[in-house]
Amino acid sequence: MINYPPIFISLIPNLMGGEGHIIPYHISITEATKILGWHHEVVYSPEENLPDLPNNWYGELRGNKLEIDENFWHKLRQIKIFTDSIQSYLKKKLFNSKSSQNYIIFIERFIHLQLLALWLSVLFLPKDNLYIWVLYRHNFHQHKTNFIYKLLNKLLKKAVKKNHFHLFSDSELLADSMSKYFEESFTVMPIPHTEFVEKRSHDNDNIICWWAGPPREEKGWQIIKNLSQCQTSLADKFILVAAKSADLITINHGVKVVATEDNLPREQYISWLAKTDIMLIPYDEIAYQERTSGVFTESVIAGNIPLTMKDTWMAKELLKFGLDKLIINWDNPQKVWQEIEQIIKCQQTQIKLKIMQKSYRDFHNISSFAHQFKINFIENK
């Protein structure tokens with residue numbers, strides 16, 4: 001019997017207008033599967049104003065309105081639409097495939113209703129060579145709907161053959177907590193959408209402080225507003241970079257504010273990484289208690305100095321490398337600017353960050369990402 005390389009299918013219920021990690025993450029999966037010699041397809045729900053997507057992306061899903069808070073009957077209809085679209089796509093694959101062809105369905109951004117639709121869609125499909133892999137990013141074990149996710153995990157596990165269902169996370173903290181609640185083992189994955197960035201000097205002596213990504217309260221929007229509206233004798237030393245929809249302005253005796261697009265093209269994002277000195281990451285300690293941050297990981301690998309909030313996943317990562325000085329109190333904006341000025345001069349901090357940077361580069365990369373996929377597939381065939 002010929003052993004065909006598996007076909008890896010990424011399901012994306014909602015592209016969120018191209019915001020955040022979704023597109024670069026699944027492009028990284030394509031790169032990882034190429035290393036393994038696997039075939040990768042991305043299936044998503046079409047939206048308006050999306051950037052150009054690669055040729056292996058297919059807009060054949062429907063039902064991304066499931067996340068809109070509407071009435072019960074409308075949600076039922078959206079579940080059916082989403083279920084039917086998944087099933088239609090998979091039918092073409094599974095009923096016309098070679099007998100030894102394996103298919104891995106992978107989903108990493110979802111709500112419980114989308115997992116329900118996935119389960120319904122595979123109920124009456126051939127399952128001998130079907131795998132379902134689910135990556136959890138959020139602390140669903142602490143949500144009021146946690147029992148639903150636990151039930152859906154069990155249903156999805158029963159829907160396929162033994163060892164063909166597996167759970168993943170990109171956080172050790174999250175994986176430990178959820179494995180206890182879900183009573184399932186988790187594999188911790190690297191964060192793959194990182195790359196080596198050649199640091200370059202900028203045209204002035206200012207310290208560039210970047211709050212990356214579209215503004216969200218859980219990412220410290222109010223803290224950043226306070227920093228932008230703070231009058232300080234150090235104002236001439238800093239440039240504060242943020243998305244234009246954050247609505248920040250430069251005030252008299254305040255730091256200079258530079259606005260970027262909310263969803264930067266990858267090339268521009270890398271360009272800002274290359275010239276940023278300080279990455280501002282004052283994320284909420286409850287929302288990010290166990291949850292990872294791609295911005296944090298990329299900033300460490302790029303050689304930026306990440307400043308974060310106590311009791312977050314980011315803070316615990318910094319503590320591993322003795323970088324407690326980068327876990328700061330954000331309550332007093334004037335003191336924050338003073339602290340940044342001191343941190344940027346600290347040679348000991350730079351040495352410790354270099355050690356952390358190397359550790360991160362060794363783990364959070366495409367090759368390591370591909371290796372984890374390969375191990376899980378081989379061990380569970």
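Two strands pair when DSSP finds at least two bridges between them. Keep that in mind as you work through these exercises on a predicted model.

**Exercise 1. What is the strand order of the open sheet, and which strands stand at its edges?**

Step 1. The open sheet has seven strands, and their order is 3-2-1-4-5-6-7, with parallel pairing.

Step 2. Look at the two ends of that order. Strand 3 (57-58) and strand 7 each have a single partner strand, so one side of each is left without a neighbour in the sheet. These two are the edge strands.

Step 3. Now zoom in on one pairing. Strand 1 and strand 2 run in the parallel sense and are joined over six bridges. For Phe-8, the bridge partner in strand 2 is His-40.

**Exercise 2. Find which strands helix 2 and helix 3 lie across.**

Step 1. Start with helix 2. This helix lies across strand 1, strand 2, strand 3, strand 4 (103-107) and strand 5 (130-136). Its direction is at about 175° to strand 1.

Step 2. Turn to helix 3 (residues 112-122). Helix 3 lies across strand 1, strand 4 and strand 5, and runs at about 175° to strand 5.

**Exercise 3. Are Lys-93 and Glu-41 buried or exposed, and where in the chain do they sit?**

Step 1. Lys-93 and Glu-41 form a salt bridge, with their closest N and O atoms 2.8 Å apart.

Step 2. Lys-93 belongs to helix 2 (residues 72-94) and Glu-41 to strand 2 (residues 39-44), so the pair links distant parts of the chain, 52 residues apart.

Step 3. Both residues are buried, that is, under 20% relative accessible area.

**Exercise 4. How many salt bridges does the count come to?**

Solution. The count comes to 18 salt bridges. Among them is the pair of Glu-183 and Lys-154, at 3.9 Å from N to O.

Key:
Residues are numbered from 1 along each chain as its sequence is written. This is a predicted model: local features need pLDDT of at least 70, side-chain atom pairs count only at pLDDT 80 or more; totals for chains, interfaces and linings use all residues. Side-chain values use heavy atoms; hydrogens and water are left out. A salt bridge is a side-chain nitrogen of Lys or Arg within 4 Å of a carboxyl oxygen of Asp or Glu. Helices (H or I, at least four residues) and strands (E, at least two) are DSSP runs, numbered from the N terminus. Buried means under 20% relative accessible area, exposed over 50%, partly exposed in between (1.4 Å probe, protein chains only). Contact means heavy atoms within 4.5 Å. Axes are lines fitted to C-alpha atoms, for helices over the stretch in contact, and angles run from 0 to 180 degrees between N-to-C directions.
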